[in-house]
Amino acid sequence: MEDRRKYARVTTHFFGRFRVLNSHSEPQICAGAFCSTGHAVREIFASQSQLPESVTKFLLELDNKLESVLGILRKDALEELFSHKMRVLDISAGGIVMQTDFPLEIGQYLEVVLHMGDFPFRMASGVGRIIRHADKGGNKGLVLEFTDLREEDREEIIHYVFQEERRKLRKQRLEE
């Protein structure tokens, strides 16, 4: 059997929200600055800043704190727009394995908002299609394959996956 995975994935546990789309062509709600964390902009600023290193570091830390506050403020609006809760069991830039109490069917399209952390605030959003049922370590779930994911969100997910892998490797080395 051919392995079709293009991206690294990690077993995880965080919560997100979703809304069911009537069709794949339905416009995304979370397709702009409303759901953006600006991770790529911060990296460019850090690498190209003409300011002293201490000032650049201070501004980046201040930006992270402001982003966390804005994330908390946006959370209420997101809960209203994305009324269904989900638990993410596995993630890659290609899709997620999720659990929800809301009844879903294979083939349905969802717009999802993934809340991957508060400090630093980390969020991504995209559209995906439920492609099959999954059993992840005894937990029943659904596999959602991303069909429309902005490059910024893909990078945010890849960054999260590698961060989680590093965290797990460190933990494993400490336990040995």
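Leucine 66 lies in helix α2; helices here are DSSP runs of H or I with at least four residues, strands are E runs of at least two, and both are numbered from the N terminus. Leucine 66 is partly exposed, at 48% relative accessible area. Buried means under 20%, exposed over 50%, and partly exposed in between (1.4 Å probe, protein chains only).

This is a predicted model: local features need pLDDT of at least 70, side-chain atom pairs count only at pLDDT 80 or more, and totals for chains, interfaces and linings use all residues. Residues are numbered from 1 along each chain as its sequence is written, and side-chain values use heavy atoms, without hydrogens and water.

The largest nonpolar core has 23 residues. A core is a set of buried Ala, Val, Leu, Ile, Met, Phe, Trp, Tyr and Cys residues joined through side-chain atoms within 4.5 Å. Ile91, Ile96, Met98, Leu114 and Ile157 touch the most other members.

β4 gives the most, with four residues. Apart from this core lies another, of six residues, including Cys30, Phe82, Val113 and Met123.

Helix α3 has 25 residues and reaches 36 Å from its first C-alpha to its last. That is close to the 36 Å expected at 1.5 Å a residue, the expected span being 1.5 Å times one less than the number of residues. Buried residues in α3 include Asp153, Arg154, Ile157 and Tyr160.
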